[in-house]
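I opened my notebook to look up a few spots in this structure, one entry at a time. Come along and follow with the model in view.

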Amino acid sequence: MENISTPYLLLLLVLALLFTFHLQTIIRVECSNLNYTKYRQVSSLRLERIQRHLDKINKSPVLTIESEDGDLIDCVHKRNQPALDHPLLKNHKIQKKPSMMPKEMNMNMNINIESINERSGNRGGAWQMWHQNGTRCPKGTVPVRRSTVHDVLRAKSLYDYGKKQRRSPLLFRRTEPPEVVSGNGHEHAIAYTKAGEEVYGAKATINVWNPMIEVVNEFSISQIWILSGSFDGSDLNSIEAGWQVSPELYGDSRPRLFTYWTSDAYQATGCYNLLCSGFVQTTSKIAIGASISPLSSYNAKQYDITILIWKDPTIGNWWMRFSDNTLVGYWPAELFTHLADRATMVEWGGEVVNSRANGRHTSTQMGSGHFADDGFGKASYFRNLEVVDTDNSLTSASNILTLAENKNCYNIKSFYNNKWGTHFYYGGPGNNPQCK
């Protein structure tokens, strides 16, 4: 074999270096409020795959609004929204409004608390951070929070972006709520209805705080779950909405309005917000995934949001209403199997991820970060828990059960009175001398 000349070797080396440089791009992923800064080598092929995915979910906007928190809110024509990319919704005709609203209860609501939309200067519209510069999306468009390459890179993979962690297949009693026994470090403090009841929706007013998150891949959620299906199988249907703090998903620690759905126990279907096709948005006022403002503070003014989810008795779609009677949109009945008929359980409450990243229980807070015993102004609350019955009427949720896996870390206490109906305080600080 002939000897390879030095110039030829140098040429091969240069070509190899150029090839390597082409394949690898150094990406800086940053979440400064958690000191989360990484330099990662990402192949250009992966970046191309990510960009193709972003091109699918980031639709061409009529107008883009830059929020004070750094979000870009794209005002997308309602016919171009991500939902209609779903194969089951190929010929879907957008339902402009529900055929009828649930019949409301007449309760004494003389409560000295400001809902997000009732604060001075903001009557008639729910308040989110992107509203603060005064710009709104035009009529006929829906506001969509724009996703970025960095958002995707914070996820474990492109496939996992926008999805909840897949649950381990665990067996449990039919009377137990499915989310509670999911494992994988998920801990809860929840109230729930008995399994097997006919339910067609649920409502609650949810206190909004800014809990501390210790590790970037942990989160703190306060939400409603609408559930149906076999809880010990792979066909669980779930519709979810509330507020969450998730640095991995959003890149910051702000509480944000969120939605979620799945028709196969979180295995392959569904996602947060509008990060996959499915949820049909109808309002131009509310951006799902956008941050909520103002927030409650300890021993000071409290703020809350009201969420109502119910099944349209005529069309069958599951609608969501937010705070000031704003109809946000709906989950089409076509997305589901069991929920195409009805729900069989409702849950209300908090969920956190305890990753034990430092060899101990996380200090990630639930709710306000204070235990239920501390009460109003200190502990977080859900009030006026209601369910939609077979007559499309809202009734107070009675005979609810409560559960917290580790009461020394997070707990819950339920009550009833004429003003707040069925309600509860919940939450906790996580790591403390009694929390193992």
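**Entry 1: two hairpins.** I started at the hairpin of β13 and β14, where six residues lie between the strands and Gly316 takes a positive phi near 100°. This is a predicted model, so I keep that in mind for every entry. Strand β13 covers residues 303-311, and five bridges join it to β14 in an antiparallel run.

Next I followed β14 onward to strand β15, residues 326-331. Five bridges join these two strands as well, and they run antiparallel. One pair I noted is Trp319, which stands opposite Tyr330 in β15. The hairpin of β14 and β15 has three residues between the strands, and Ser323 takes a positive phi near 45° there.

**Entry 2: strand β14 itself.** How many residues of strand β14 are buried? I found that five of the five are, so the strand, residues 318-322, is largely enclosed by the rest of the structure. Then I checked which way the side chains go. Trp318, Met320 and Phe322 point one way, while Trp319 and Arg321 point the other way, and all are buried. That reminded me of a rule from class: in a regular strand, side chains alternate between the two faces of the sheet.

Entry 3: I moved to a sheet of three strands, in the order β3-β4-β6, with antiparallel pairing. Its edge strands are β3 (63-66) and β6 (141-145), each pairing on one side only. From one strand to the next, the twist averages 25°. Between β4 (residues 72-77) and β6 I found five bridges. In that pairing, His77 stands opposite Thr141 in β6.

**Entry 4: His186.** Is His186 buried or exposed? It is buried, because its relative accessible area is 6% and the cut-off for buried is under 20%. His186 sits in strand β7, residues 186-192. I also noted a polar contact of 2.5 Å between the side chains of His186 and Glu351.

**Entry 5: Tyr425.** My last stop was Tyr425, in strand β21 (residues 421-427). Tyr425 counts as buried because its relative accessibility is 11%. Which residues does Tyr425 touch, not counting those up to four places away in sequence? My list includes Ala372, Phe376, Tyr381, Asn411, Phe415 and Trp420. I looked again at Phe415: it is 10 residues from Tyr425 in sequence and 8.5 Å away in space, C-alpha to C-alpha.

Notes. Residues numbered from 1 in each chain as written. Predicted model: local features only at pLDDT ≥ 70, side-chain atom pairs only at ≥ 80, totals over all residues. Heavy atoms only, no water. Helix = DSSP H or I, 4+ residues; strand = E, 2+ residues; numbered from the N terminus. Buried < 20%, exposed > 50% of the residue type's maximum accessible area, 1.4 Å probe, protein only. Contact = heavy atoms within 4.5 Å. Pairing = 2+ DSSP bridges. Polar contact = N/O pair within 3.5 Å; in protein donor to acceptor, adjacent residues only side chain to side chain. Axes fitted to C-alpha atoms, helices over the stretch in contact; angles between N-to-C directions.
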